[in-house]
Amino acid sequence: VLFSRHCSPCDIKELLCSSSNIPRNTAIMLMDPEGSLLSIDPTMPTNSASSLYKVIPVSDRQLGEKEDMFQNVISQVAEQFSRAFKIDELKTEVANRLATLEKRVELEGVKVVEIEKCKNDLKKLRDEMTSRGGRQYTLSQETIEALKKPTFDVWHWEHNEMLSCLEYMYHDLGLVKEFTINPITLKRWLLAIQENYRSNPFHNFRHCFCVSQMMYGMIHLCNLQDKLTLTDLGMLMTAAICHDLDHPGYNNTYQINARTELAVRYNDVSPLENHHCAVAFQILALPECNIFANVDAEAFKQIRQASPHMQSLHFELGIKLNYTCLTSHLQAIITLILATDMARHREILNSFKHRVDNFDFTNEEHVTCLKMVLIKCCDISNEVRPTEVAEPWVDCLLEEYFMQSDREKSEGLPVAPFMDRDKVTKPTAQIGFIKFVLIPMFETVMKLFPQIEEIVVQPLRDSRDHYEELKQIDEAMSEVHPPLMLHPALARKKQKICH
């Protein structure tokens with residue numbers, strides 16, 4: 001049988017069947033003289049007359065037996081593979097993992113959708129704020145003029161209105177331009193400030209606004225724009241706004257006597273004031289709230305010795321600071337906020353008294369001393385305001401004092417007489433403070449700025465006279481109606497009712 005190498009195996013089988021007189025569709029096997037099976041395809045070796053190939057028909061039964069044998073072998077091999085590689089367990093594990101992955105993908109997909117939605121909402125809010133950025137809150141001319149005076153009534157304004165007034169002050173003083181403040185950043189910063197004042201009876205955001213508005217009024221009344229730099233004005237306003245951040249409602253005496261975390265952290269040295277500084281810088285550390293972010297770096301940095309309290313401040317902030325290269329701006333804010341600690345009142349006032357007669361506005365030490373006295377004046381300036389504005393502040397302060405003294409009594413701590421609800425009255429609380437703290441300090445400032453006498457100092461004298469009259473009335477009433485001696489149980493009941 002001759003065939004081409006391009007023939008198919010089927011063609012060769014047909015040729016072999018024809019030459020052997022076997023039906024064409026019969027299954028055949030081809031064997032060599034040694035009885036070995038040959039593959040029927042064009043590549044099989046050529047034979048000769050002395051080595052004939054044998055063509056053998058294969059019956060259906062033989063084929064069936066061979067198929068069964070092959071199936072058995074395949075089944076056995078598959079079973080052995082399954083046992084060796086634990087295919088069923090692998091299939092189950094793979095299926096479980098796929099199911100878990102599918103679920104995770106589904107959840108992640110939901111999260112992605114939610115994140116994208118949040119991003120879109122934030123973008124809309126940012127766009128809205130940006131669109132409003134160019135439009136400042138419009139204050140009436142009457143309000144603008146009132147803001148510059150100590151007679152301003154701080155009780156008639158809601159928080160959002162006070163925020164707008166503070167924002168206006170920064171624009172009006174030229175601070176936004178001086179520090180290249182993004183108007184949106186200024187809004188965010190002021191909002192963050194408000195959120196970090198607690199709802200105490202006295203030391204709250206309204207007190208912050210009260211002090212800041214008085215500082216703004218003193219700047220105009222004393223014509224400080226002509227005597228101090230815009231940087232000085234910016235530090236005064238910023239320190240006034242931040243000076244009582246996160247005040248807990250209990251003063252330094254309580255912090256120290258109760259060994260609170262703040263007292264331990266700052267070694268009993270102005271713990272609250274150091275904490276106010278720390279919170280102020282935590283807010284400024286947020287990029288979206290950093291109103292000094294655009295100040296020129298070279299102008300911003302000056303080599304200075306850091307405050308001795310900055311090591312503890314670093315601990316609270318949890319950030320790394322360069323203690324020998326603090327910015328003059330931040331150092332100025334620290335100095336001013338720390339000056340509001342009444343424990344340093346005599347020290348700071350005496351320092352100013354020594355300089356006031358020969359005050360030099362070109363002398364940095366003189367100016368720093370003045371700024372410290374100014375923020376002290378503004379911090380305790382409520383009695384400068386009209387009686388109807390000032391007197392509610394006394395009630396708020398006494399409420400906070402009584403909360404502290406009650407707690408001190410319950411904890412077995414010393415109680416200051418001026419904070420004890422059983423010993424103090426409104427007139428006795430105010431007379432000594434006005435006579436021995438407020439009037440001497442403001443009269444010293446009056447030597448440098450005589451124009452404040454009528455608007456600031458005289459109201460203090462009137463307030464002193466007002467409370468002395470109230471004290472005389474209280475004493476006269478006590479003589480007419482002497483206090484009754486009560487049984488201890490009744491006294492406790494009366495005290496409870498007073499609460």
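Is aspartate 268 buried, partly exposed or exposed? Aspartate 268 is partly exposed, with a relative accessible area of 30%. The scale behind these words is as follows: buried means under 20% relative accessible area, exposed over 50%, and partly exposed in between (1.4 Å probe, protein chains only).

The model is predicted: local features need pLDDT of at least 70, side-chain atom pairs count only at pLDDT 80 or more, and totals for chains, interfaces and linings use all residues. Residues are numbered from 1 along each chain as its sequence is written, and side-chain values use heavy atoms, with hydrogens and water left out.

**Exercise 1. Backbone angles in a loop**

Task: Locate aspartate 268 and serine 270, and state the phi angle of each.

Solution. 
- Step 1. Aspartate 268 is found in the loop between α11 (261-265) and α12. Helices (H or I, at least four residues) and strands (E, at least two) are DSSP runs, numbered from the N terminus.
- Step 2. The phi of aspartate 268 is near 65°, which is a positive value in a residue other than glycine.
- Step 3. Serine 270 also belongs to the loop between α11 and α12. Its phi is near 45°, again positive in a residue other than glycine.
- Step 4. For serine 270 the relative accessibility is 8%, so this residue counts as buried.

**Exercise 2. The largest pocket**

Task: Describe the volume and the lining of the largest pocket.

Solution. 
- Step 1. Rolling a probe the size of a water molecule over the atoms shows where empty space is left. On a 1 Å grid over the protein atoms alone, a pocket is an open set of points where a 1.4 Å probe fits, with protein on both sides within 12 Å along at least five of seven lines; lining residues have an atom within 4 Å of a point.
- Step 2. The space in the largest pocket comes to about 1,200 Å³. A volume here is the space filled by probe spheres set on the points, which are joined across faces, edges and corners.
- Step 3. The lining holds 48 residues, and those nearest the centre of the pocket are Met342, Ile380, Tyr401, Phe418 and Phe433. Two or more lining residues are given by each of α10 (252-257), α12 (271-284), α18 (387-410) and α19 (426-448).
- Step 4. The largest share, nine residues, comes from α18.
- Step 5. By type, the lining has 23 nonpolar, 17 polar and eight charged residues. Ala, Val, Leu, Ile, Met, Phe, Trp, Tyr, Cys and Pro count as nonpolar, Asp, Glu, Lys and Arg as charged, and the others, Gly among them, as polar.

**Exercise 3. Salt bridges**

Task: State how many salt bridges there are, and examine individual pairs.

Solution. 
- Step 1. Side chains of opposite charge can pair when their charged atoms come close. A salt bridge is a side-chain nitrogen of Lys or Arg within 4 Å of a carboxyl oxygen of Asp or Glu. The count by this rule is 18.
- Step 2. In the pair of arginine 355 and glutamate 365, the closest N and O atoms are 3.6 Å apart. Arginine 355 is partly exposed at 21% relative accessibility, whereas glutamate 365 is exposed at 54%.
- Step 3. Lysine 435 and glutamate 468 form a salt bridge with closest N and O atoms 3.8 Å apart. Because lysine 435 lies in helix α19 and glutamate 468 in helix α20 (residues 452-480), this pair ties together parts 33 residues apart in sequence. Lysine 435 is partly exposed at 34%, and glutamate 468 is partly exposed at 27%.
- Step 4. Aspartate 465 and arginine 464 meet in a salt bridge of 3.3 Å, N to O. Salt bridges that share partners also join Glu391, Asp395 and Lys426 into one network.

**Exercise 4. A buried position**

Solution. 
- Step 1. Helix α17 holds valine 373. Valine 373 is buried, with a relative accessible area of 1%.
- Step 2. Valine 373 and histidine 345 are 28 residues apart along the chain, and their C-alpha atoms are separated by 9.0 Å.
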